[in-house]
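Please look at the sequence and the 3D structure below, and keep both in view while you read. The paragraphs after them go from the whole chain down to single residues.

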Amino acid sequence: MRLLLHVCCGPCSIYPVKSLREQGHALTAWFYNPNIHPYTEYGKRRDTFLEYAQKVALPAIIEEGYHLEDFLRKVHGREEEGERCRVCYELRLESAAQAARSGGFDAFTTTLLVSPRQKHDLIREAGERAAQAAGIPFYYEDFRPGYAQAVRISKEESMYRQQYCGCIYSERDRYMPRKKD
């Protein structure tokens, strides 16, 4: 199949790219992540991914512009972790589905499915809803078994490895002291 692979960052793309290529799929990567804040973080993730894509000869499409406002408008009023993540996944996967359909791909998928820290069930639901709305299949695969391998490789390659999912809320949660019950 010709797959459009939504990519969140370089390290997370390592195992899905390897796995999907081993299965014989033709991949094109698509980088669209309006949730990433601040812009310097967005740039580090984008540039790290582009370096990796070039190294492994992975065709890549970078969504032009920095669309933070789109993310903030969609998530406003739904900032609680589970709900904001759902909105974030929907935003990115709806865009991936549209890009896959307009690009003539057979299906789309996402590297978000590699991280054990992401909400896997919400990603799958968002992908399936986006697929139905766009009229193009969502290719589901649980890439989490390859997560440790990808971490090891990304460290060996000295890739930039982020410390939070990317959104302003997760950055806040990372540094803000937690209330004790």
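Predicted model: local features only at pLDDT ≥ 70, side-chain atom pairs only at ≥ 80, totals over all residues.

Residues are numbered from 1 along each chain as its sequence is written, and side-chain values use heavy atoms, with hydrogens and water left out.

The chain contains seven helices and four strands, where helices (H or I, at least four residues) and strands (E, at least two) are DSSP runs numbered from the N terminus. Read from the N terminus on, these elements follow the order β-α-β-α-β-α-α-β-α-α-α. Along the principal axes, the C-alpha atoms fill a box of roughly 50 × 40 × 30 Å. The radius of gyration, which is taken over C-alpha atoms, can be set against a globule rule of 2.2 Å times the number of residues to the power 0.38. For 181 residues a compact globule would have a value near 16 Å, and the chain, with 16 Å, agrees with this.

Contact means heavy atoms within 4.5 Å, and among the contacts in the chain with a separation of 6 or more, 76% are between residues 24 or more positions apart. A residue is called buried under 20% relative accessible area, exposed over 50%, and partly exposed in between, using a 1.4 Å probe and protein chains only; by this rule 50% of the 181 residues are buried. As for charge, Lys and Arg count as positive and Asp and Glu as negative, while His and the chain ends are not counted. The chain has 27 positive and 25 negative side chains, and the centres of the two sets lie 3 Å apart, with each charge placed at NZ of Lys, CZ of Arg, CG of Asp or CD of Glu.

How many disulfides are there? A disulfide is a covalent bond between the sulfur atoms of two cysteines, and here the term is applied to a pair of cysteine sulfur atoms within 2.5 Å. By this rule the count is zero. C8 is in no disulfide, because the nearest cysteine sulfur, that of C12, is 3.9 Å away and the limit is 2.5 Å. C8 is buried, with a relative accessible area of 10%, and C88 is buried as well, at 7%.

N33 is buried, with a relative accessible area of 2%, and, not counting residues up to four places away in sequence, it touches H6, V7, C8, Y42 and R92. N35 lies in that loop too and is buried at 1%; beyond four places in sequence, N35 touches residues including L68, C88, R92, C165 and I168.

F31 and S170 are 139 residues apart in sequence and 20 Å apart in space, C-alpha to C-alpha. F108, in strand β4 (residues 107-110), is also buried, with a relative accessible area of 0%, and F108 and L50 are 58 residues apart in sequence and 19 Å apart in space, again C-alpha to C-alpha.
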